[in-house]
Amino acid sequence: MQIYDSVQKKKVPFEPIRKGEASIYVCGPTVYDDAHLGHARSALAFDLLSRTLKALGYKVTMGKNFTDIDDKIIKKVEETGKSLEEITTHYIARYLEEMDALGVARADIEPKATESLDAIEQMIQKLIEKDAAYVVSSGDVYFDTSKDAHYGDISHRVGEDEENQSRIEHTEEKRNPKDFALWKACKGDEDICFDTAFSRGRPGWHIECSAMIEKHFAKAHGNDTYSIDIHGGGADLLFPHHENEAAQSRCATGHELAKYWMHNGFVQIDGEKMSKSLGNSFFLKDALNVYDGEVLRYYLNSVHYRNNFNFNEEDLLSAKKRLDRLYRLKKRVVPGKGSAVNKAFKEALLEAMSDDLNVSIALSVIDEMVAKANEQLDSNPKDKPLKGSASKPLNGASYKALKKETIANIEFIDTLLGFGGKEPYAYFQIGIDEALKAKIETLLNERSEAKKAKEFERSDAIRDELTTMGIAIMDTAEGTVWEKA
């Protein structure tokens, strides 16, 4: 397995801390609002990574946090009059529902900032004791970046961003402009605060991930060099978030936070970086109201995770047509049980995904499998002996074997890439609302009764009515099935 390490800026072999195991931690959402396509892109990228490592035989442990105490959340509390718990519980549930719709597996560990306050306090206290952090008169606690000789090694961007970071968190009591807040003391009569030995307040953003990783991963490894194998997140987190995480963890624990750092690209809408400040944020819930989650998954994963993604409807519809071809093949081979996945097909897919999740090649391998399977099935339209080469014609048994193998191939695609698992006729019913589905079923029942009564004119009229509605029906041995034409 080759992965692109953001620190080394090149692809490197994945060599885990513990043989046969892979620990991954991904920065999750700050839960004050609905998830957007940027959240979806990151979740999908690291879901692909987890699936690939599992397919290669690794035991994967995935962690993803929820930031449930933050200035933006507090502002939401003030605006809505709801409690912090009401707001964060609501948006966490929404996020998980939407990730489920995209086929993103739940993380094994899902820590929340408010449930990790003891670990956060302990790490800050360690840093204070080592003089790598200091308390100012307000009660705020800052990390002293001058105490970390390797500060800047993660992003290689400290110089160009130093002024910006200083402007964001400015106080005359800071030892250095680059120093950042580990703990924010409460001001005035603020009531969303937590007691610690250094002041009453709440954690800074960067400290929570370091503390959570140390609590849930580092001790389990028993490793003196790294806390986890892979730390992931969006490219926008590289600096200052991940740079600061690495620095505070290094100084508190004496070892590196992660052996590898991976980052996914931005999401743009018609070429413009998605940003609420630009007024073009595209909430995931809005996309899921229009497009099926599996179609969105296929589309959002169709571009390599490190590249920026330009979201537009034209490309999405093109991606759906590509996915449609897989489901049309699946219609031809089900119902039935799969046999063993084709060895060469499986190896080709794993080889592509082992190359830093090269999804473009993986999708081309799938397209080739679909085309070849259709060609072989076309050569035998009515279960006649399947035509093979002149020297080795394939018989009927081989035809059945091809169908079983194709089913197994599609099942492996679903396991590895997370699409192709729907019942094919249900897939082609996507976009039909429940009321129309009920009307279609009523008409199909009436048509069935008409055929039984040999009222063929009535039966044909119902078929014509359905055709006018944009519905195609097929009479099969298992009964009548339908799909959106």
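In the hairpin of β1 and β2, where four residues lie between the strands, Lys9 takes a positive phi near 55°. Strands β1 (residues 2–5) and β2 (residues 10–13) run antiparallel and are joined by four bridges, and Tyr4 has Lys11 in β2 as its bridge partner. Strands here are DSSP runs (E, at least two residues), as helices are (H or I, at least four), numbered from the N terminus, and two strands pair if DSSP finds at least two bridges between them.

The model is predicted, so that local features need pLDDT of at least 70 and side-chain atom pairs count only at pLDDT 80 or more, whereas totals for chains, interfaces and linings use all residues. Residues are numbered from 1 along each chain as its sequence is written, and side-chain values use heavy atoms, with hydrogens and water left out.

| β5-β6-β7-β8 | antiparallel | 20° |

Three bridges join β7 (residues 180–185) to β8, with Lys184 opposite Arg202. Helix α4 (residues 117–129) lies across β5, β6, β7 and β8 and runs at about 120° to β7; contact means heavy atoms within 4.5 Å, and angles run from 0 to 180 degrees between N-to-C directions of axes fitted to C-alpha atoms, for helices over the stretch in contact.

In the parallel sheet, three bridges join β3 (residues 21–26) to β9 (residues 226–234), and Tyr25 stands opposite His231.
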